Amino acid sequence: MRCVAAFLIALAFACAANAGDLPPLKPQNGTVLAPDHARDVLHQCSRGVPPNVQGVWTPSAQQIRELEARLPGALLQEMAKRGHPAPPGSPAPFEFGRQYAGFVTGGRRIVYVNAFPLEVMNQEKDWRTRPAVVCDGGEAFFGVEYDPATKTFANFAFNGFA
């Protein structure tokens, strides 16, 4: 639990209160999963995933850039909603690994983000091609749905938490 709290505090310290002040995500710490491996990311054992997936698709580089520009602010808002607000004036940089998978659910296209601590990338040699699935792990591991049509996030889910 201390590790989870430390991660959240470090992440919160990394985010400034103004969304325009948030540091950009490093593109090299993210990857788009190929359609033949995308569905495997849905086998998370400690958090919810998009339901009723009807198909897969590959998000464009532009869609991923737009998602990455918005994700830090959306995560900051979600953390505040869960009682982990960022202290004012905390500008330290932050980063986490990300896998992206395009799914069709409910007749719309979404990009599912599978996020995890950078240490996982160092341990998993094939994280760029195979989904990272960690049972429990706490809030340091999360998933969220991004709708590229509306440019909004929904359904943040953290490992081991409701």
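Which residue stands opposite Asp147 in β6? In this predicted model, the residue that stands opposite Asp147 is Thr152.

**View 1**

**View 2. The pairing of β4 with β5.** Strand β4, residues 108-116, runs antiparallel to β5. The two strands are joined by 5 bridges.

**View 3. The hairpin of β5 and β6.** Strand β6 covers residues 152-158 and pairs with β5 in the antiparallel sense, over 5 bridges. Together β5 and β6 form a hairpin, with 4 residues between them. In the turn, Lys151 has a positive phi of about 55°.

**View 4. The aromatic pair of Phe142 and Phe158.** A pair of aromatic rings is described by the distance of the centres and the angle of the planes. The count of aromatic pairs in the model comes to 7. One of them is formed by Phe142 and Phe158, with 5.6 Å from centre to centre and 40° between the planes, a tilted arrangement. Phe142 belongs to strand β5 and Phe158 to strand β6, so the pair ties together parts that are 16 residues apart in sequence. Both Phe142 and Phe158 are buried.

**View 5. The stacked pair of Phe156 and Phe158.** Phe158 also forms an aromatic pair with Phe156, and this pair is stacked. The ring centres are 6.2 Å apart, with 10° between the planes. Phe156 has a relative accessibility of 13% and therefore counts as buried, since the term applies under 20% relative accessible area. Phe158 is likewise buried, with a relative accessible area of 2%.

View 6. One aromatic cluster is formed by Phe96, Phe142, Tyr146, Phe153, Phe156 and Phe158. At another member, Phe96, the charged end of Arg98 sits over the ring. The distance from this charged end to the centre of the Phe96 ring is 6.0 Å.

Methods: Residues are numbered from 1 along each chain as its sequence is written. This is a predicted model: local features need pLDDT of at least 70, side-chain atom pairs count only at pLDDT 80 or more; totals for chains, interfaces and linings use all residues. Side-chain values use heavy atoms; hydrogens and water are left out. Two strands pair if DSSP finds at least two bridges between them. Rings of Phe, Tyr and Trp (its six-membered ring) pair if their centres lie within 6.5 Å; planes under 30 degrees apart count as stacked, over 60 as edge-to-face and the rest as tilted. Buried means under 20% relative accessible area, exposed over 50%, partly exposed in between (1.4 Å probe, protein chains only). A charge sits over a ring if NZ of Lys or CZ of Arg is within 6 Å of the ring centre and within 35 degrees of the ring normal.
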